[in-house]
Structures are given as C-alpha cells and as structure tokens.
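Me: I would like to learn how to read helix packing and a ligand site. Please take one feature at a time.

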Amino acid sequence: MSQSLKIENLHASVEDTEILKGLSLEIPKGEVHAIMGPNGSGKSTLSKVMAGHEDYEVTAGTVLMDDVDLLDLEIDERSRAGFFLAFQYPHEIPGVSNANFLRAALQARLPKGEEIDAVAFYKDMYAKMDALSMDRKFTGRSVNDGFSGGEKKRNEILQMMMLEPKYAVLDETDSGLDIDALKIVAEGVNRMRSPERGFLVITHYQRLLDYIVPDVVHVMSDGQIVKTGGKELALELEEKGYDWVTEELAVTA
Ligand code: ADP
Ligand code: MG
C-alpha cells in the first residue's frame, strides 16, 4: 500500500470550462509540498475538487489517498478518511458556535454509541487555541461569522489541529495575515508536521514558505504542474516572477 496523496491526470471543469488540465503530483506521507502559481491558474479549483465541491465536474483522473480514491467518497467521508482543506475563503456558519461545530466534527469520527469526553475536548481545544493566540471568546461565537480575514484563517488552522487529518491542504492560508499572525499559524502547522501526515501548502507568495519550509515546490500554470523543484525554487520564483516559468515552457515546447 502506498502512503501518499497521489493525484494523477486530473481534469476538472466548471460550467463546461476545463480548469484542471491533466494535473499530476504525489505527496508522500511525512512531506510538505507547496504549490505556487499565478492567480487564476486553478489552485483553489484543485483544492475544492479534492474536497468534493459540487460546482466542479471531474472528467478524468484519480486522487488516491493511501490507495483510496477520494473522488469515490462523499464529502463527509473524505473528511472522516483523513482529508482536510483549509479554505482560501472560509465559510461563515451563523448560528453554529465554534465549539459545537468542532465537537460535532469530532463526534462524527467516533464509532456509533461512543460519546465524546466533554472535559477532554475543552481542554484540548483551549490548549490549541492558546497555541494559536486565539481568545477564548471565539469558542462561543458562530463559526467565522463576522471574523476578520486573519481570524478566519486562524480558525481554519484550529480546525485542522483539532481534526488531526492525515493529509491537509492549506489554500492561501497566508493571505490576510499580518507577519505576527503568519508566524503563529506557521508554527501551528510546523508542530503538526509528522511522518504520519502530509501537507499541500498553496500560496501565491514565497513569504509563507520562509516559515513553513517545504520539501518540494510545484509551480502550477493553466491547470497543470509545469515545474517541480526543491525549496529554492520558491525563491527563484519570487525573484524572477511566474512569467519566467511559462516563457521557459514556450521555448522548450
Ligand atoms: P487560483 O486559486 O489559482 O487563483 P482558481 O482555481 O480560483 O485559481 O480559478 C481558476 C479559474 O477557474 C479562474 O479563471 C476562475 O475564474 C475559474 N473558476 C473557478 N471556480 C469557478 C466557478 N465556481 N465558476 C466559474 N469559474 C470558476
Ligand atoms: Mg485561489
């Protein structure tokens, strides 16, 4: 059994327009991969297709998570199987408190008839909120409702820390964060790095990758991975811009 998140020849469309055009990449468990790419290249589409967003139609390809095809699973099954997505634009859920939301998500992972231990749950949640420098008042507030951009991003990371996924995709978690918040969030992610977990960190800017140092960097353009390299590739992109990669492609084509 292979222990990886393996995307192969993935094609996906929205409203009959193809956005993902044969994308392949593999994240072995234990590694952190980054995807960088210009706006509109399909990065969020990739993350939403993996999570099972209904707007996107997968027309070809597979997404294997430790040999299970994620695309065969319902959205909640993907989550319970260990997949997690931190959204670029997190949804607001008025009327559902953060604490109840997290508790329900964890309860849904327990075998039938088993009840979550409320004391242990709150202890764990408070410890993780402290690590993210989140005020306790956020437990009682509705999920993301009226949160600032940065507060939403922190809340996504809190969800990740509580759910302890096998594979986590972070879609532009850095956007909307000031430098102090970015460092706190990066530290939260770094503490979760483990041989038992893989990460895909999507970002437009290299700054985040100063704090979450990736094992591998992929460049995405027009629905495909067009270049893969080590962490130094992120610096090269920062310096030369994305045109450099697409121009290089045009020359070799
Ligand atoms: P990125 O995250 O790299 O900036 P996106 O995946 O958000 O790129 O978008 C890729 C392309 O797909 C864009 O041209 C965008 O307008 C289009 N797109 C994405 N989602 C939708 C949607 N739900 N409806 C229509 N077009 C979409
Ligand atoms: Mg995006």
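Me: In which crossing, left-handed or right-handed, does α3 pass α5?

Reply: This is a predicted model, where local features need pLDDT of at least 70, side-chain atom pairs count only at pLDDT 80 or more, and totals for chains, interfaces and linings use all residues. Residues are numbered from 1 along each chain as written, ligands from 1 in the order written, and side-chain values use heavy atoms without hydrogens or water. A crossing is right-handed if the near helix is turned clockwise from the far one by less than a right angle, and left-handed if anticlockwise. Here α3 passes α5 in a right-handed crossing.

Me: At what angle do helix α3 and helix α5 pack?

Reply: Two packed helices are described by the angle between their axes and the distance between the axes. Axes are lines fitted to C-alpha atoms over the stretch in contact, with angles from 0 to 180 degrees between N-to-C directions. Helices are DSSP runs (H or I, at least four residues). For α3 (residues 98–107) and α5 (residues 149–163), the angle is about 30° and the axes are 10 Å apart.

Me: Which residues surround ligand 1?

Reply: A residue counts if one of its heavy atoms lies within 4 Å. Among those around ligand 1 are V14, I19, P38, D55 and Y56. Helix α1 (residues 43–51) gives the largest share of the shell, three residues.

Me: How far is an oxygen atom of ligand 1 from an N or O atom in the side chain of T45?

Reply: A polar contact is a pair of N or O atoms within 3.5 Å. For the T45 side chain the distance is 2.6 Å, and for the K43 side chain 2.9 Å.

Note on methods:
Helices (H or I, at least four residues) and strands (E, at least two) are DSSP runs, numbered from the N terminus. A polar contact is a pair of N or O atoms within 3.5 Å; within protein, one must be able to donate a hydrogen and the other to accept it, and residues adjacent in sequence count only if both atoms are side-chain atoms.
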